Structure formats: C-alpha cells, structure tokens
Protein chains: 2
Amino acid sequence: MLKIRPVAIDTYPENTAFLPRSDGGYGAEQFQALRKIEICHASNTILATLAIMDDKHLLRPGEIGLGEQAFRRLGLPAGTEVSISQAMPPASLDGVRRKIRGDTLDDAEIASIIRDISRFRYSPMEIAAFLVACAAFMTTQETLALTRAMADVGGKLKWSSPLVVDKHCIGGIPGNRTSMIVVPIVAAHGLIIPKTSSRAITSPSGTADTMEVLANVDISAERMQEIVAKENAVLAWGGRVKLSPADDVLISVERPLRIDTFEQMVASIMSKKLAAGSTHLVIDIPVGPTAKVRNQTEAVRLRKLFEYVASKVGIVVDVVLTDGSQPIGRGVGPVLEARDVMAVLRNDPGAPADLRDRAVMLAGRVLDFDPQLKGGEGHVRAAELLASGAALAAMERLIAAQGPQGVTARPGAFEHEVIAPIDGKVGAIDCHLIARIARLAGAPMEKGAGIDLLCKVGDAIGKGEPLYRIHATSQTGLDFARELAASSSGYDVTA
Amino acid sequence: MLKIRPVAIDTYPENTAFLPRSDGGYGAEQFQALRKIEICHASNTILATLAIMDDKHLLRPGEIGLGEQAFRRLGLPAGTEVSISQAMPPASLDGVRRKIRGDTLDDAEIASIIRDISRFRYSPMEIAAFLVACAAFMTTQETLALTRAMADVGGKLKWSSPLVVDKHCIGGIPGNRTSMIVVPIVAAHGLIIPKTSSRAITSPSGTADTMEVLANVDISAERMQEIVAKENAVLAWGGRVKLSPADDVLISVERPLRIDTFEQMVASIMSKKLAAGSTHLVIDIPVGPTAKVRNQTEAVRLRKLFEYVASKVGIVVDVVLTDGSQPIGRGVGPVLEARDVMAVLRNDPGAPADLRDRAVMLAGRVLDFDPQLKGGEGHVRAAELLASGAALAAMERLIAAQGPQGVTARPGAFEHEVIAPIDGKVGAIDCHLIARIARLAGAPMEKGAGIDLLCKVGDAIGKGEPLYRIHATSQTGLDFARELAASSSGYDVTA
C-alpha cells in the first residue's frame, strides 16, 4: 500500500505516476520494464505511465506521486492508500493484433477495443497500432460496428422532439464557421438544433472555441435541455457531455499522425451524432486541392460511406459537396471568426459574403428537413430569417441563455502583416498553411490569436500590399507565426 | 533563451522537458498542443516530450527542466542556455503515411525513416505507425533496404580476419543460453567469434545479462579488438558499441505490441550482424507451439527470408531449425542460467544435457565454416573441445580478459516452489508463461531472480512435488511471480 501524493506536473493527455527508484519493498525497476501500472483503491482504478523519481525530497518512502491528470482521474484525496500492480495489457489488444495480421474483426471485438480505449487503457502506441491497422483496410461492416461502439460507450442526449436536426462540416477549411450562423437561423425558424461541437485539436479554432468568445459553452446535459426547450437550440462544447469519448482518444493520435481515412472520419462524426440524438443531419464536405477531400471521386466515395452508415444507425443525412478551394470568411482564430459571424448575423455591409452565402445555403438544406416547408423552400426561408434580423435575435437569446462572456475578447495586439512579393493576382491559398500559421500565433488557446485575411483568391494585389495580418497575444507567438509565414506564406500570387 | 536545469525524474525511454505553465515570454500551452519540442544549443539538439510543471519551487523563471534521459542525451552542463522551438514532425513521416496508404517505399525513403528513428525523432506512436504499416505487407526489397539502413546508421566493428563467425538464436525459449558455450568452443578451436549480444527487453535474460553475472560486458570497440586479438572471442553487450541503434528503438515499441513479423526480425538480426562485421553466421530457429515460430511451414519461410537478405548483404548463413517445444536447461534468469552454462563447460555430471547437446550441435555448425575442417567434422570437434576442458579454459580466459565480477551473484533468497496438482507426467511447458513468471520475479534487472525448472517434458511427477522453484530478491517480486504462477503455472501435468 502506498499513499498518493499529488505532483504538480501536467503530462496531458497521459496519466503519469512517480515512484522512487528504490523503496525497499518493491523494485521500481521491475515496474519500469513495462512502464504502465494500475493504481487501485476500492473500485477506483486508473492506468498510468511510470516515471522514476530520483529526488528524495519530492516523494517520501511509502508514497506514490500522481501527476495532475492521474490525480484528477483517480479522484481521491491526497494521502489515500492505494495498491499498485503491473498493468496487464488489455485483453482486447488481441483483436488489434488480429487486425494487424489482416483479419476482419466482428462487432464484439470492435466493441471491446473501443471500451478499453474509452477507459484510457490503451497507450498512444497501442492506439496508433489500432488506427494504422484499420487504415490498411476496413470493411463497411467494421466501420458501422466502430460507429455504434463509439456511440455506446459515452453519454447520450435525448430530446422529446421527433425531428432533431444538425449540421456538420468535416473540417479542414480555416474560417469556415458556418454552424454559428446556421444554428440561429434554424432556431429562428423553429426546428430543434442542439449543436454540440468540439474544440480545435490541430486546427486554429473549433466551433466551441469560437462560440466561447461570445458565451459559455461548458454546459451540462440538464442545462442544455432547458436552453433547447426555450430557444430551440444550443451551441455547446460536446466534451462536457462526453459524447463518444473514445473518439476523442482516437483523435488525439489520429491528428498528429495525420491518419484521416474516410472510415475513421465517418465513424467519428456519426458516433457523435448518434450519441447527440440527431435524427436529421446535413453534412458539408468541402472539396479542394488543400482540403481534406481533394477531388469529386473521393467526395462521392465519402458521401456514400456517410449515407450507408447513417441509414444503418437510423439518421437521415443530406450530404452537400462544397467549394473547399480556399479559407471561408476573413478571420481565422476564435476572436476573428466570432467577429465575422456576428457581422453576418448583423447584416453588416462589410460582412464576408462567402461565409454568409455558405451558411445560408447550408441552413436552407437543414430547413428542407421540415415537412411543413415545400420542397426547395428552405434556402429562401433561411435568407429571409437572416435578412430580417430574426437569426441575430435568436443568437442573442442563445448567448444570454448560455451565459455571455463578461469581457469582450479582442484580436491580439501583436501584429504583423504579410505582404505580396510581386504585383499580381491571388492564384491560390493553402488551407493547411494558413491553419498552421494561425496555430503558431497561438490560436485556439489564445482566443485573440489568428489571421485576418485581407484578400482572397482572384483579388488583384500590388507588390508590398498586405495579404493578411497575423495577430498574436505575445511577441513569441508572433515570431513563431512570422517565421513560418516568411518561408511559406500560404498565398500564391501570380503576375 | 532558457537555462537548463536537471530534474531528477527518469522517463526512460522518452526524453522529457519541463516548462512552467506560464512564464511571460512564451505560452507553454502553445507548445503543449504538439507536445514535442526541440531543444538546441549550437550543434547539440534533442527532441523532448513536454510536461508542464505547476510547482514554482522546482523551476525558476527562465529555466527549462530536463529529465534524466534528456539531460544525458543533450550532454550539456546545468545552467547552459538553450533555445527551444516546436519540433517539426520529421519529414520522413510522409513516407510512413505513404506506407500506411499501402505504397511500397524505395531504399532512400526507408533510409531517411531509419535515420530519423535512430536520432530519436519519432515518438512511440509514430514508430508504432511505421511498424504496423510495415506489418501489413513488406516486400523482400523493402526488408533488404531496412536491413542496410539500420546497419548504416550505427557503429560498425571491423576485424582483420577474413573469416568472422557468429551464432544467433531468434529467441523465445527460456534458458536457451547456448551462445555462452558455443563461443568458448569456437574460440578454443581458433576461429574469430566476436559475439555482441543484447540485454533482455521482454525476456527474463539476454546473453549480455547472463554473461554479466560472470564478467564485465560493457566493453568499448577498442578493447574488444584487443580481447579478440588475444582470445579469438568476446562476449560483450552490443549496446555499448551502438550497433544498429535504430533497431533498439524499434524493438522498444515492437515488443510491447508483440509485433513480430519475420521481415522485422530478419532486418533486426541481419542489420546487427552486418554492423558487427560477421562474415559467417549460424542462425538457430526454435520451432514449437509456444515458440516464436510455430510450425515447419513458417520456419521454412523465415529461413528463406534470412537466406535472401544474407546473400544480398554478403553474409554466409547456415539456418538451423531446432526443437522449441520447451525451455532449455534448468535455470531461467541471469544467475541461474550462468550456473547451468558453467556446469556444462565444467563437464559436471549434473549439467543439463539438453543445453549441452544443443550448444555442441550449434558449435559444430559454426566450426563447419572452417575450411580447414572436413565437411561434417565440426560436431565431433566441438564435442572434443568441450570434453577436454579446452572450452572451459577459453571461457575462463575470456572472463579474465573482460574483467571478472568481484562478487559471485547468488540465486535470490526469496523462494517459492510451484507444485504438481496431480500425479502424472509433464505434458507441456509454456515458454511464454515461464518467461513472464521469471520476469515478474525480477529477472533480468535482479540478477538472482528467476526460475529453476525441476522437471521437464516427459518427466513423471507426484502430486505435491515441485515443478519449479521461483527465486526472487524481494518479497514483492516473489509475490508477483507467485500470483501469476498460481493462476497459470505454465506446466501441463497429465494423469
């Protein structure tokens, strides 16, 4: 038995435990061979990666140190006695090994892998092994099983309405913050649209990050019910209600490895929609040379996979292929995107037209799910609700209901303009690079960091005129972003 | 610029760096998104995983903490000023992604992946991605390229003799410590056999661990040359001379995932032999139900892959398929194995016959490489050299040359006998389980820990009589091993 002692070290996303190198009773070296230990107290159990603490002042004999993650996940007070043992590798790893050897897994095997992953029993290397083995090939049946398994292990939202609509973009296009316009339009019309979104992982902002500039997004399932009952909608962070938590674990490995197979994408998105209780869903697939989907052939294959899985899990989908050739709107990063969204909702003359048009089109497709509307009327209705100010009013009520932010966040004060190297025309904008530069500037952690795009594809530009402005909240963030922008600006200016 | 400060935390095998959560100049949160940073001082550069230190007493403003691994690898004194940046993912990861998508990689792509891996630029999850992608399929040309690339990045041993023999077992059979008998026999005959071995990673002992019970094995390349010039042989730890260091990194991920494709195995073994300067090599492939190779068909496929790669890299191989149905000898774990080896070399009447016979057979195959011997005479010659005491004398000279251990290590004093549950006969022994129990007892870190097998397959045994004895150097180690042995002893006793 060891007494737990919190250690003020954050090793997110991994649990870390610390043992002194030698403490008489057990050999830390023995544990280190496997590096993963199981820490138990009654029914509380976590797995942790072991580090050996050679500083005798930090850990007393008979103590086990727990990093911040591990301490929080175990959820017991300091000094509690726990027992430790070598963590046995999860039994479901046998399924992963079969998949590595090229076998097809059945529903039960996939369910047990996902259960172990959702309980943090897999290390990043084990998750990578599962993902790469699945990337080699995966049947549609396996994709469906993965979707269901991921939805099953997490929280679920239930709504009383028989029609619960949603809208989802597969991502990859900076500034494409249409959800925050679609949701108030649909809510103003009167359909139920409880939108749960993720925070950015490798992009400069997720819908949750941008909405958080305006309002609280950390909302309990109970409070969501209340807000939706009154406002038809909510724009909340999905992480709070733990929809498809296994997906979040998988994503933490998929993104750095840039594993983005269609099967993983469909399982990821559809599991979250299934858990969120959506019945009707518009899916936006931007297609473009630097988007996630490069061409029409790929787009059709992805569309069909969405349609197959959706039909099996009982969700009606409308898959829309959109132009993904460049960023949407002007702002990239939470504050700058929120500015664009509000400009569109307020019908500002200077609001970015591409963002407005895209959002109205998608809102129209969502409204077309309404049996009360005649076929094809959705688009006109969406445009009316925006133009009339009804959508703005719906957004303002939503912000008030979720809890407005006290302070108005502003774009970062450290600025740098990236200029055109020659006279010419903007030929192309690289979505990947723009996203990376915005991230280096500090987005999404620093809400005010990001990029303000001052011209778009097709615009004429003079040598020395600004292409975009980098905003950062610190000199270091600005320097990081400037450095990358200096070597590759992401803009292709042709004479 | 930050001043480095050593932090007494060992996070083997990963480099870890610690930054305070907020230190004004830069945002630790910004780095954490990618979690990997590059630490630079002039030409010294390492990559490290970032942890956030929330304890203000451990790190002063302007400092960066380095864990023991990272501090050692960077090799600079405390207080040295270093700069940090986000580690860009290695460019060779693009090749890994192509492999994940099912492409074949060319020699240059494989070489650049291996170079980055050997420089610790890949995280465990990235290494897992590479290994699993390769496990899906790998051409013989890729296997060959991998072998050459791994040999190229590390140290190389050069010998003046045109005939440099070696012997290697693919592993998996506890107690199979034949190298320590083969080497002195071959040395006594007069062939050059500079044997470099690994330490155990997931087995209870490697040849280097067992030899270390008797003599120093941490020997520089220069000293190896001197010893081999005088004694024809050396029995050293390969890690010291950094043969195929990329292989060691790959193994650290392969073993926990139990990825053991033949392609990886051949590239791993042949790259080390190539770097070690071997010209002629006997490869021992034990075949058995709980061995690495389960049946004759698999064994032949593996043999052919060894033969193909060996012919291309210019090494003459003789692949021997042996009985891998149960452990060899009696002792499992460094001290107990060393005891068996010395008993065989001393011609003790009680020495394990299976270990002796296997070693003499393999030594005979090695001696058959000697053009001076008539074909097939090797076995008789090997048996003579053992019986005459010449092999023992060669071993004693080798121990003296390498540096004998001052203290004679003894079997662990904490003992437990596992008994037969019924009267009967030993029907089978599970090599995996015996290895795991020995490891839980503390082997190989605790030299005296391990298992003494008191009966073997085919032996009659009475209910309550001991099957084997567990030795541990601590009560905890004994308890761990006992616990597993109680649930699965590894012995199948049939009435």
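## Basis of the model

Residues are numbered from 1 along each chain as its sequence is written, while chains are lettered from A and ligands numbered from 1 in the order in which they are written. In this predicted model local features need pLDDT of at least 70, side-chain atom pairs count only at pLDDT 80 or more, and totals for chains, interfaces and linings use all residues; side-chain values use heavy atoms, with hydrogens and water left out.

## Relation of the two chains

Chain A is superposed on chain B by a rotation of 180 degrees with 0.1 Å of shift along its axis, at an RMSD of 0.1 Å. The two copies are thus related as by a two-fold rotation axis. In chain A, the C-alpha nearest the axis belongs to Met125(A), 2.0 Å from it. The same surface serves both copies, as 100% of the contact residues of chain A recur in chain B. Superposition is by least squares on the C-alpha atoms of residues with pLDDT of at least 70 in both copies, and contact means heavy atoms within 4.5 Å.

## Helix 16 of chain A

Helix 16 of chain A (residues 390-402) has 13 residues and reaches 18 Å from its first C-alpha to its last, close to the 18 Å expected at 1.5 Å a residue. The expected span is 1.5 Å times one less than the number of residues. Helices (H or I, at least four residues) and strands (E, at least two) are DSSP runs, numbered from the N terminus.

Among the buried residues of this helix are Leu392(A), Met395(A), Leu398(A) and Ile399(A); buried denotes under 20% relative accessible area, exposed over 50%, and partly exposed in between, with a 1.4 Å probe and protein chains only. The buried residues of helix 16 pack against several elements of chain A, including helix 7 (179-189), strand 10 (233-237) and helix 15 (378-387). Just after the helix, Gly403(A) takes a positive phi of about 110 degrees.

## Helix 6 of chain B

The 14 residues of helix 6 of chain B (residues 140-153) should span 20 Å at 1.5 Å a residue, which agrees with its end C-alpha atoms being 20 Å apart. Its buried residues include Glu142(B), Leu144(B), Leu146(B) and Met150(B). The packing partners of the buried residues include helix 3 (93-100), helix 5 (124-136) and helix 12 (296-313) of chain B.

## Aromatic contacts

A search of the whole structure finds 2 aromatic pairs over all chains. Tyr468(A) and Tyr491(A) form a tilted pair, 5.4 Å centre to centre with 40 degrees between the planes. This pair links strand 18 (residues 466-472) and strand 19 (residues 491-494) of chain A, its members being 23 residues apart. Tyr468(A) and Tyr491(A) are buried. In chain B, Tyr468(B) and Tyr491(B) form a tilted pair, at 5.4 Å and 40 degrees. Rings of Phe, Tyr and Trp (its six-membered ring) pair if their centres lie within 6.5 Å; planes under 30 degrees apart count as stacked, over 60 as edge-to-face and the rest as tilted.

The charged end of Arg199(A) sits over the ring of Trp237(A), 4.7 Å from its centre. The criterion is NZ of Lys or CZ of Arg within 6 Å of the ring centre and within 35 degrees of the ring normal.

An unreviewed UniProt entry lists residues 425-492 of chain A as "domain: Pyrimidine nucleoside phosphorylase C-terminal". Over residues 425-492 the chain is 34% helix and 29% strand, and the end C-alpha atoms are 8 Å apart.

Arg365(B) lies in helix 14 (residues 353-367) of chain B and counts as partly exposed at 29% relative accessibility. Leaving aside neighbours within four places in sequence, Arg365(B) is in contact with Val282(B), Asp318(B), Val319(B) and Val320(B).

Conventions: UniProt positions are given in the numbering used here, feature names are shortened, and annotations may be inferred rather than shown by experiment.
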